[in-house]
Amino acid sequence: MLLLVGFEPMPHGSESVAQAGLAHADGCIDRPRTECYILGNSSRRRKMKSPLSSSAKPVLTILVIAILGVGLACAGEKATPTSPPTATLAPTATATTAPTATLVPTATATLVPGDPTPTATLVPTATLVPTATATAAPTATPRQSALTLTQLPGYMAEWGQPQRGGILKVGAPQSPASDFRPSCVSAVFGTMCANIYNQLLRLDPWVGSMIGDLAKSWELSGDGLTLTFKLEEGVRFQDNPVVPTDIRGDEFVCEDVQASVDYYLYPPEPKRTPGTRQLGHITGVSCPDGAKGYTVVMSFNQVLGKTLGKLSKGVSMLDKEWIKWYVANYFDALGAASPASFKLATGTGSMVPLEYQPDIAAKLRRNPSYFREGLPLLDGIDNYILKDQTTRFAALATGQIHWMGAGTVSLLPGQVVQAERDFKDRIVLYEGLYTFGYQVKLNMNRAPFNDRRVRQAIHLAINRDDYLLFQMAGTRPRAILMGYMEPYPAFWWGTPEKELRTWPGIRQPKDQDIEEANRLLDEVFGKGKRFNTTCITRNSTSYADLCLFFADQVKKNLGIGSTLQPAELTVLNTLTEVCNYDVNAATTGANEGDPDDRLIKYSRAYEQSAGATCTLEGITAAEPALQVEIESMIAAQTGEPDPVKRAEMVRAIDKKLTLEMMNEIPFGWLMIFYATTPNVKGYTMASFVTFQYSIFERVWLAK
């Protein structure tokens, strides 16, 4: 019954929870009719009726309570107390009362822009692209604490004084498939597991610059082939009750770095992609002060600009003895998310796993032995799994959750419009450039997509500007033009838009390209003859829209029929791992901002995931000469230390993949919108948001 207070009655007179969910999946609120339809000859997209009309108000209330009730019934539970707040911190936030719409303080929901400047991993610097000149001194990061937060770059005075306590409630879009592994970097599931771990380096969550995490300093040798780390002292692994008593609480030392890097590079799990794909140039890790010392020397066989970026994300530091115990007794349990496997996760991070209930919630609590004094400020993070995007938005608008953001399944365009229009005092919006774009992938293992003419016809027929218009959130763009690579200047290595707009398939107007596309298909199938296909994708609105957009474009411009086939993530992964599909609508991107993140999946010189392996097989069979040429170009750019020369090489590959290989048809690079309630402080959203999980140790809930 308490939950009903949070949902009804709603403030602002006649507003209802139903109105909180009125955002259409196609983002059509308050937009001209022509913008709400993607017009085609015989395949006009039907305008979506809001699933939450005013008559649906009682149903929504019951639905939200039913979904949230299981998880939020204990939302007011108090976490196990740790050390008391220091005198300089503001009074402890109440953790026993879930914030409701009537308790959220009035605030103007002005859009908080993302950092438009590419981060250190995106813009090459002397640190990331070393020269023969030795560094004058090690790069050092002072240890942070709750007492120093207000002195750090990026702190905003309007946040007020940091406060201690409270459970941050996150709306998660789905249960994880396999993201409890230590390399927890998913934008969708990262809030469930990333804060359990630390890396040697990290990007500052407030300003985006490279700082130390478990390394307090690092120094690169003059030839760029040796990286020396000085570790933070006194850091201990979490006291996880599931772990044997002789292992839990071990101190983090050099031998743990050795074991963690080895585990990352050569994982024992059969279905996990080896880390050698990204950091295969590591030749060894040594401990000059002994295995229990605090000095680590990492050696490389070549100088690569991506090294520091890769070490800042995904290479989680684990206890050497924990790795032995885990592999011997559980092997790959963290690769299959379950209540038992969740509790196995053990690192040095700010949060420890409490419990995971599939399709309900994943809960974390403060690590009482965290090495940064007074952090985290939160008592815990509860991730409530709310699969329906409209329900998540309604829960945010009514204060039942504090935070909504999950990469591509974040706020829909219509929800952005509605948040600004109807909920300025209850929702704060953040926008940033995402680490991924949207695309469809054509399976070259199958006819007719093994024929370049068919792929070229589809490439030519897709109107990217229609897609950019489709993704508008009111007056705010939710996607930007791209080739195969991310666009410049958002991505330093990408092709500038001015040049992209001269390329066939991307240029305007479309008449010439559509005419050529149909000529190619007539050449393949006969005059006026076409084929039907199926588009598989994740079963969420954002992804289904990709297939629907693709179907509309190829139908009206080419006469090709395409059927939507949504699937649960586990089913989808099974299909894509063996290339059992025609067309796959998905994201595409670079996790750490280096060109290799996008390119090495085209090279047989690297170990690949199962899905990438079968994709490569199809590419090699259909385009053997082009594949060899691209592999050679990839190898050349990887080893090029001059960032300007490398950018030229990458842009040449971008053009060749976009206009010749065409196994992936990019639609647009994604701008994403996250949102919080106004009492969430210390949160910012920089571009390439998946770097930002460590921000939650600095976030607090204001009274």
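Tutor: A disulfide is a pair of cysteine sulfur atoms within 2.5 Å. Keep that cut-off in mind as you look at this predicted model.

Student: How many disulfides does a search of the whole structure find?

Tutor: The search finds three. Take Cys535 and Cys547 to begin with. Their sulfur atoms lie 2.0 Å apart, and the cut-off is 2.5 Å, so the pair counts as a disulfide.

Student: Which parts of the chain does that pair link?

Tutor: Cys535 sits in strand β15, residues 532-538, and Cys547 sits in helix α17. These are distant parts of the chain, with the two cysteines 12 residues apart.

Student: What is the handedness of the link between Cys535 and Cys547?

Tutor: Look at the angle about the S-S bond. Here it is -75 degrees, and the link is left-handed.

Student: Are Cys535 and Cys547 buried or exposed?

Tutor: Buried means under 20% relative accessible area. Cys535 has 0% relative accessibility, so Cys535 counts as buried. Cys547 has 1%, so Cys547 is buried too.

Student: Where are the cysteines of the pair Cys254 and Cys287?

Tutor: Cys254 belongs to helix α6, residues 254-265. Cys287 lies in the loop between β7 (282-286) and β8 (295-300). The two are 33 residues apart. Their sulfur atoms are 2.0 Å apart. The angle about the S-S bond is -90 degrees, and this link is left-handed. Cys254 has a relative accessible area of 0% and is buried. Cys287 has 17%, and it still counts as buried.

Student: What is the torsion about the S-S bond of Cys579 and Cys614?

Tutor: The torsion is about 85 degrees, so this disulfide is right-handed. The S to S distance is 2.0 Å. Cys579 sits in the loop between α18 (569-577) and β17 (583-589). Cys614 is in helix α20, residues 610-622, and the two cysteines are 35 residues apart. Cys579 counts as buried at 6% relative accessibility. Cys614 is buried, with a relative accessible area of 9%.

Student: Now the helices. How many residues of α13 are buried?

Tutor: Count buried residues along the helix. Helix α13 spans residues 452-461, and seven of its 10 residues are buried. Among them are Val454, Arg455, Ile458 and Leu460.

Student: What do the buried residues of α13 pack against?

Tutor: Their partners are helices and strands. The helices are α14 (464-470), α16 (511-525), α17 (541-558) and α22 (643-661). The strands are β13 (428-442) and β18 (664-676).

Student: Which residues of α12 are buried?

Tutor: The buried ones are Pro413, Gly414, Gln415, Val416, Val417, Gln418 and Ala419. Helix α12 runs over residues 413-422 and is mostly covered.

Student: How many cavities of 30 Å³ or more does the structure hold?

Tutor: It holds nine. Sort the lining by class next.

Student: Let us step back. How many helices and strands does the protein chain have?

Tutor: The chain has 22 helices and 20 strands. It has 703 residues, and 60% of them count as buried. Its accessible surface comes to about 25,400 Å². Carbon and sulfur atoms hold 55% of that surface. For contacts, consider residues at least 6 apart in sequence. Of those contacts, 74% join residues at least 24 apart.

Note on methods: Residues are numbered from 1 along each chain as its sequence is written. This is a predicted model: local features need pLDDT of at least 70, side-chain atom pairs count only at pLDDT 80 or more; totals for chains, interfaces and linings use all residues. Side-chain values use heavy atoms; hydrogens and water are left out. On a 1 Å grid over the protein atoms alone, a cavity is a set of points where a 1.4 Å probe fits but cannot get out, and a pocket is an open set with protein on both sides within 12 Å along at least five of seven lines; lining residues have an atom within 4 Å of a point. Grid points are joined across faces, edges and corners, and a volume is the space filled by probe spheres set on the points. Buried means under 20% relative accessible area, exposed over 50%, partly exposed in between (1.4 Å probe, protein chains only). Helices (H or I, at least four residues) and strands (E, at least two) are DSSP runs, numbered from the N terminus. Contact means heavy atoms within 4.5 Å. Accessible areas come from the Shrake-Rupley method with a 1.4 Å probe; for residues, only the protein chains shown count as cover.
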